[in-house]
Amino acid sequence: MTFLPLLKSVFRREMQLAYRRRSDLANPLLFFLIVVVLFPLGVTPDMTKLADMAPGVLWVGALLANLLSLDLLFRSDYEDGSLEQMLLASLPPTSLVLCKVWVHWLVTGLPLTIMAPLLSIMLGLPGNALPLLMLTLALGTLSLSLIGSIGAALTVGLQKGGLLLTLLIMPLFVPVIIFGTGAVQAQVAGLPWQAHLAMLAAMTTGSLALSPLLTVAALRIAVGD
Amino acid sequence: MARVLSAVGLDCERDDRHLFRDLSFDVASGEILHLTGPNGSGKTTLLRRLVGISSVVDGDVSWFPDSPERTAEPCEKIWYIAHRPAVTLLQSPLENMAYALALHGIQVPESVVWDALETVGLRGFEDVPSHQLSAGQQRRVALARLYLPLEPDRVRAWVLDEPLTALDIEAVDRLKVRIIDYARAGGSVIMTSHHGLDSETVRTLELGAAL
């Protein structure tokens, strides 16, 4: 069997599992919704103040929602032994990991990106910032999923890996959120934002190239022990 | 006879205990290697090292050392059925089989997969989510791939970790017959089990005895 049909069947399985586990996946989205809804209620109803905070609030909410969903990335495959079989498969494990992360983004990052404009109305974000907000969130959540997969792989062998995962991954998430919110805030303030976006895109492509290798190495450690 | 596997100087130490030391053996095609030993003697660890997913065993393992082309990935030609049988509970037996075959790059008509599932006694359960099956039935899902009529050089060795657990008497007998038939057709089997296996091609390797 050639490479592509094989990858297609992996993709189909991951999507199928995501669909059957949809209540788990709804959790991060609801979390995102609740965080953003609570902000105007808890902080201030003043729209101009909210508009200043909007990019940051949306980004923080999306980042935490993404973090919440990472623990599930490899856990069930590790527990039922599928992960061992994936490392023994006849296609490179990096492509399998990339496929899994891609599906993870499709079912968390992409819905978060699509929800963001709706929620940004609640925070009074100017409408002209919406396209850039969505673009940065789409790129940003993809790099969060990619970077997060390293942490998920490192902690998959632990019974309670959630806390460690957060501690390991949080520092790596920081640059992503800085440039993600930076771009949107710059545009709202009428400043040039292209450099922020370029940095964010560079981080996404960088993690696209590096994180599958590191994730596979981490999975081999988790499985091999 | 052509060697399928050659292991040299395997050494495993866990928690200050030597599970096995300087263990060397060959497996020829058509041979069944039966690993025995008490619980905790390192049988599973050894099997995991043989297929290449354990990092706690030192030594060299080479698959198909006599074969001229070394380019092919060895794991493509091996079925490894682990203690955790890699049956995804949210998927039906049919989907599990399709995925296992896809990962090995094996293409067979769907009817063949149905036949294999019927052979292991999962007729009527093909589309039931695996979490609704009993423990023995879940193992049968994993074992069904052993009943596929593949060409002998497609899958040349089986590495089975306790394949007979949780199975009923009839299924145990059927699997024993299947293992012996497979070895007779030129395949090699390396397995752990607490059940005996009666065939002239079985070689027993006992772990944990020399300590």
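1. The model is a predicted one, in which local features need pLDDT of at least 70 and side-chain atom pairs count only at pLDDT 80 or more, while totals for chains, interfaces and linings use all residues; side-chain values use heavy atoms, with hydrogens and water left out. Residues are numbered from 1 along each chain as its sequence is written, and chains are lettered from A and ligands numbered from 1 in the order in which they are written.

2. The largest nonpolar core has 90 residues, and those touching the most other members are B:Leu10, B:Phe25, B:Leu50 and B:Trp63. Its largest share, 10 residues, is supplied by helix α3 (residues 47-70) of chain A. A second, separate core of 39 residues includes B:Ile81, B:Val128, B:Ala171 and B:Tyr182. A nonpolar core here is a set of buried Ala, Val, Leu, Ile, Met, Phe, Trp, Tyr and Cys residues joined through side-chain atoms within 4.5 Å; buried means under 20% relative accessible area, exposed over 50%, and partly exposed in between, with a 1.4 Å probe and protein chains only.

3. In chain B, an open sheet of three strands runs in the order β2-β1-β4 with antiparallel pairing; helices (H or I, at least four residues) and strands (E, at least two) are DSSP runs numbered from the N terminus, and two strands pair if DSSP finds at least two bridges between them. Since β2 (17-28) and β4 (57-63) of chain B stand at the edges with a single partner strand each, one side of each is left without a neighbour in the sheet.

4. Strand β1 (residues 3-14) of chain B pairs with β4(B) over six bridges in the antiparallel sense, and with β2(B), also antiparallel, over eight bridges. B:Ala7 stands opposite B:Val61 in β4(B), and its bridge partner in β2(B) is B:Phe25. The hairpin formed by β1(B) and β2(B) has two residues between the strands, and B:Asp15 in the turn has a positive phi of about 50 degrees.

5. Three aromatic pairs are counted over all chains, rings of Phe, Tyr and Trp (its six-membered ring) being paired if their centres lie within 6.5 Å, with planes under 30 degrees apart counted as stacked, over 60 as edge-to-face and the rest as tilted. B:Trp63 and B:Phe64 form a tilted pair, 5.9 Å centre to centre with 50 degrees between the planes, and both residues are buried. B:Trp158 and B:Tyr182 form a stacked pair at 3.8 Å centre to centre, with 5 degrees between the planes. This pair links distant parts of the chain, B:Trp158 lying in strand β6 (residues 157-161) and B:Tyr182 in helix α5 (residues 169-184) of chain B, 24 residues apart.

6. B:Arg140, found in helix α4 (residues 135-143) of chain B, is buried, with a relative accessible area of 12%. Its side chain reaches the backbone oxygen of B:Val120 at 2.7 Å, and a polar contact of 2.7 Å joins the side chains of B:Arg140 and B:Asp168. A polar contact is a pair of N or O atoms within 3.5 Å; within protein, one must be able to donate a hydrogen and the other to accept it, and residues adjacent in sequence count only if both atoms are side-chain atoms.
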